[in-house]
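User: I am new to this structure and would like to learn how to read it. Please take me through a few features, with the general idea before each case.

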Amino acid sequence: MPKTWRSHVLCAYAMAILAFLYLPLLILALYSFNESRINAVWSGFTFDWYLALFKNRRVLEALTNSLIVAFASTIVSTVLGTTAAIALNKYQYKYKSVINGLLYLPILIPEIVMGLSLLVLFSQAHIPLGKTSLILAHITFCVSFVVITVNARLEGMRPELEQAAMDLYATPFQTFRYVTLPLAMPGIVAGALMAFTLSIDDFIISFFVAGPNSTTLPLYIYAMVKRGISPEINALSTLLMLATIILVIIAQLLQPQHISKKEE
Amino acid sequence: MKKLLSLLIALVAFAIVGCGGGDKKSDGKGEPQVLNLFSWADNIDPAVIERFEKENNCKVNYDVFANNEELLAKIQAGGAQYDVIQPSDYMVATMLKLGMLEELNLANIPNAKNIVSNLQAPAYDPTGKHSVVYTWGMTGIVYNKKYIKEAPTSWNDLWKDEYKGRIILLNDNREVIGMALKKNGHSNNSLNPQEVEAAVKDLKQLAPNVLAFDTDTIKQKFIAEEAWIGTMWTGDASYTYKDNKDIGFVIPKEGATIWADTFAIPKGAPHKELAEKFINFMYDPKVSAQNYEYIGYNDPNEKAAEFHSEEFKNDPMLKIGRENIDKGEWLTDIGEALTMYDRYWTELKTGK
């Protein structure tokens, strides 16, 4: 008897936590279909705000900026992060743990410190603020996440596979191309998706290093809120949220532990 | 092997195009000219900008900031090459002090003469050579006629007990303390500690009746009739009135704070000439008529009156009247005294 009573309480508690986490997001999404331009009253269902969104040139520009920055920084950070992870995994050298630590540092550093230091760096180095500086900044923090995900995948890989390939007269490049890379691929894709999501969502660092012609979606949403919240913002946030959720789910499915379990 | 190589090349090519895109555009040589505008979100009619782009074969990059301090930080950091910025009144004063604004060549901006004369050389930019007023308005009392039968006339009316729990004040230390100073017949820039202390004492009396200190969602609260009376900017009052016709707005007899967002050119702007052309374009009577109808703020352009619709001209929220402008007082840079205001403000909001 007491067992079921306890599990009921636990269940209710878990539900309450979930509601606390997701209710605000649901309400935000709900009001994006509200006819009235005021968030306070519900007056009817409409898709108008989504339509208005796609006619709004500023929104489309912000979306384009976000996508350009996200794609560019994802590609560069995935290439850099993957090669770094492979090197870290394969070779033994001095100060390995230090270098490892340095790579993880951008994840631990408060974003605001990183944004500020990047801004100082760019202005000292006379790099004009704009898309270029934004992409450079995004690469900096995305690389760490790619290294971590790819590294996790590589660590679960048995070295015998590569050794077997070498035994069968594969050149180092062939080994890499036909054995290492395909095996690491799920980790690489997961890392790339992670980088893309982080870049699309980033506000704090972008806030510091954005310049002319590089207002991204999160920056635009923030500025719009200050001007008066319209359901257009709800619609925009809902779309951004959906895109993020889908990417995160794909990345989760590709996580090493998932795949290795299936393989075993 | 081939597949991998071509994939790599495609990736690198994409990355280069992606990175280079920003550079090419901000360079502006050979290509159609570029104007980098740094402004508030949704602050200019997009159709007006498009017309300017077409007429001058240029591209306007419209980037946004959310508050004046953000704007200041971006310009101060250098590196951000904006051509036109939109600081508010007190920020113009700060930027002038820091030598961050280019002197405007008014010969290139003949339309600036169309601006109402008493807004041409405001207190924060006494020579009127570094900024031009764009949107402006005053802070007055907004109220709902359904609940408040007798129109307020004085700031003192906010202190009436029957409005308990229905009052909203702006979430801004200078605005709120300045309002209480005005109520007592002082300047809203008072440096006199006794005057400020007395004003804060009055505000502490009012505080228990206040529903919220709110700037961002104040319009919603008045439209939904959660709030009955409070302090509001003219532009916001006009917005609120469109959704709730019971809304009334008055400038109290003691006078009120007057404020403006401006156009200015930061030092070292790469396209100063085009920037001046843009500012001049914005004050063309027909253009400004169209633009202010879109953004719903008071049009400072005297020559535009004939092009405005009846609805805009008769918007009771936007009728300020010259006598009220003359009674208005700009918030100026109060220097060291700001710490005193900040301290009182914290006390007020934490209910000490």
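Analyst: Start with a definition: a residue is buried if 20 or more other C-beta atoms lie within 10 Å of its own, and exposed if 12 or fewer do. Keep in mind that this is a predicted model.

User: Which exposed residues does the face of helix 5 of chain A turned away from its buried side carry?

Analyst: That face carries Val113(A), Val120(A) and Gln124(A).

User: And which residues of helix 5 of chain A are buried?

Analyst: They are Gly115(A), Leu118(A), Leu119(A) and Phe122(A). Viewed down the axis of helix 5 of chain A, the buried residues fall within an arc of 105°, so they line one face of the helix.

User: What span should helix 5 of chain A have?

Analyst: The expected span of a helix is 1.5 Å times one less than its number of residues. Helix 5 of chain A, residues 111-124, has 14 residues and should therefore span 20 Å. Its end C-alpha atoms are 20 Å apart, which agrees.

User: Is His126(A) buried or exposed?

Analyst: His126(A) has 8 C-beta neighbours inside 10 Å, so it counts as exposed.

User: Where does Asn213(A) lie, and what is its phi?

Analyst: Asn213(A) lies in the loop between helix 9 (204-209) and helix 10 (217-227) of chain A. Its phi is positive, near 60°, and Asn213(A) is a residue other than glycine. Asn213(A) counts as buried because it has 21 C-beta neighbours inside 10 Å.

User: How do I read the packing of two helices? Take helix 3 and helix 6 of chain A.

Analyst: Look at the angle between the axes and at how far apart they are. Helix 3 (residues 57-90) and helix 6 (residues 131-155) of chain A pack at an angle of about 40°, with axes 6 Å apart. Angles under 35 degrees count as roughly parallel, and 65 to 115 as roughly perpendicular. Helix 3 and helix 6 of chain A are therefore oblique to each other. Helix 3 of chain A passes helix 6 of chain A in a right-handed crossing. The residues of this contact divide into 18 nonpolar, ten polar and two charged.

User: Where is Thr78(A) found, and is it buried or exposed?

Analyst: Thr78(A) is found in helix 3 of chain A. With 26 C-beta neighbours inside 10 Å, Thr78(A) counts as buried. Thr78(A) and Tyr222(A) are 144 residues apart along the chain, and their C-alpha atoms are separated by 29 Å.

User: How many helices and strands does chain A have?

Analyst: Chain A comes to twelve helices and zero strands. The C-alpha trace of chain A spans about 70 × 70 × 30 Å along its principal axes. Of its 264 residues, 36% are buried.

User: How many helices and strands does chain B have?

Analyst: Chain B has 13 helices and ten strands. Its C-alpha atoms fill a box of roughly 80 × 50 × 40 Å, taken along the principal axes. Among the 352 residues of chain B, 45% count as buried.

Key: Residues are numbered from 1 along each chain as its sequence is written. Chains are lettered from A and ligands numbered from 1 in the order in which they are written. This is a predicted model: local features need pLDDT of at least 70, side-chain atom pairs count only at pLDDT 80 or more; totals for chains, interfaces and linings use all residues. Axes are lines fitted to C-alpha atoms, for helices over the stretch in contact, and angles run from 0 to 180 degrees between N-to-C directions. Helices (H or I, at least four residues) and strands (E, at least two) are DSSP runs, numbered from the N terminus. Angles under 35 degrees count as roughly parallel, over 145 as roughly antiparallel, 65 to 115 as roughly perpendicular and the rest as oblique. A crossing is left-handed if the near helix is turned anticlockwise from the far one by less than a right angle, and right-handed if clockwise. Ala, Val, Leu, Ile, Met, Phe, Trp, Tyr, Cys and Pro count as nonpolar, Asp, Glu, Lys and Arg as charged, and the others, Gly among them, as polar. The arc is that of the directions from the helix axis to the C-beta atoms.
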